[in-house]
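User: I am new to this one. Please walk me through a few of the labels used for it.

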Amino acid sequence: MAGLALLGLAACSGQENDVRDVSLAVLVNQAGQLDGSSVATQGVVRHFEDPLHYWIEDEDLNRVEIFPHELIEPHLGETVRVVGDFEYSPTEGRRLTLASVEPVVRP
């Protein structure tokens, strides 16, 4: 039984190692190479009403759309760190499907 618990922990830590910590600028400039990757990044949550969509952006206006909306909506206007699966399509743009989101606390 303990062996199974250790195996579970090893599997979890292996998944965390697969997450690439990147800036929004890197996601924008290397979108094709990062398509299908698990990434962590941060930015300010913004939205547009029609059609409704949410994204995070940095001070240089590098942007990535965030899904699902109901998980990112409570953080509107906040700087957040997001982790999730990144996808890029020349016709659909850049999007990240959330695994987690947390506010960035500034000192």
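Analyst: What follows takes the labels one at a time.

Analyst: This is a predicted model. The protein chain has 4 helices and 6 strands. Along the sequence they run α-β-α-α-β-β-β-α-β-β.

User: Why is V82 called buried?

Analyst: Its relative accessibility is 0%. Buried means under 20%. V82 therefore counts as buried.

User: Where does V82 lie, and what does V82 touch?

Analyst: V82 lies in strand β5, residues 79–89. Leaving out residues up to four places away in sequence, V82 touches V39, A40, T41, I56, I66, I72, L96, L98, S100 and V101. A contact needs heavy atoms within 4.5 Å.

User: How many of the 107 residues are buried, as a percentage?

Analyst: Buried residues make up 31% of the protein chain.

User: D58 is buried too. How do you know that D58 has no salt bridge?

Analyst: The nearest side chain of opposite charge is R63, 7.8 Å away. A salt bridge needs a side-chain nitrogen and a carboxyl oxygen within 4 Å.

User: What lies 2.9 Å from a polar atom of the D58 side chain?

Analyst: The backbone nitrogen of D60 does. The cut-off for a polar contact is 3.5 Å. The distance of 2.9 Å falls within it.

User: Where is D58 found, and which residues beyond its sequence neighbours are in contact with D58?

Analyst: D58 sits in the loop between β3 (53–57) and β4 (63–67). Setting aside neighbours within four places in sequence, D58 is in contact with L24 and A25.

Notes. Residues are numbered from 1 along each chain as its sequence is written. This is a predicted model: local features need pLDDT of at least 70, side-chain atom pairs count only at pLDDT 80 or more; totals for chains, interfaces and linings use all residues. Side-chain values use heavy atoms; hydrogens and water are left out. Helices (H or I, at least four residues) and strands (E, at least two) are DSSP runs, numbered from the N terminus. Buried means under 20% relative accessible area, exposed over 50%, partly exposed in between (1.4 Å probe, protein chains only). Lys and Arg count as positive and Asp and Glu as negative; His and the chain ends are not counted. A polar contact is a pair of N or O atoms within 3.5 Å; within protein, one must be able to donate a hydrogen and the other to accept it, and residues adjacent in sequence count only if both atoms are side-chain atoms.
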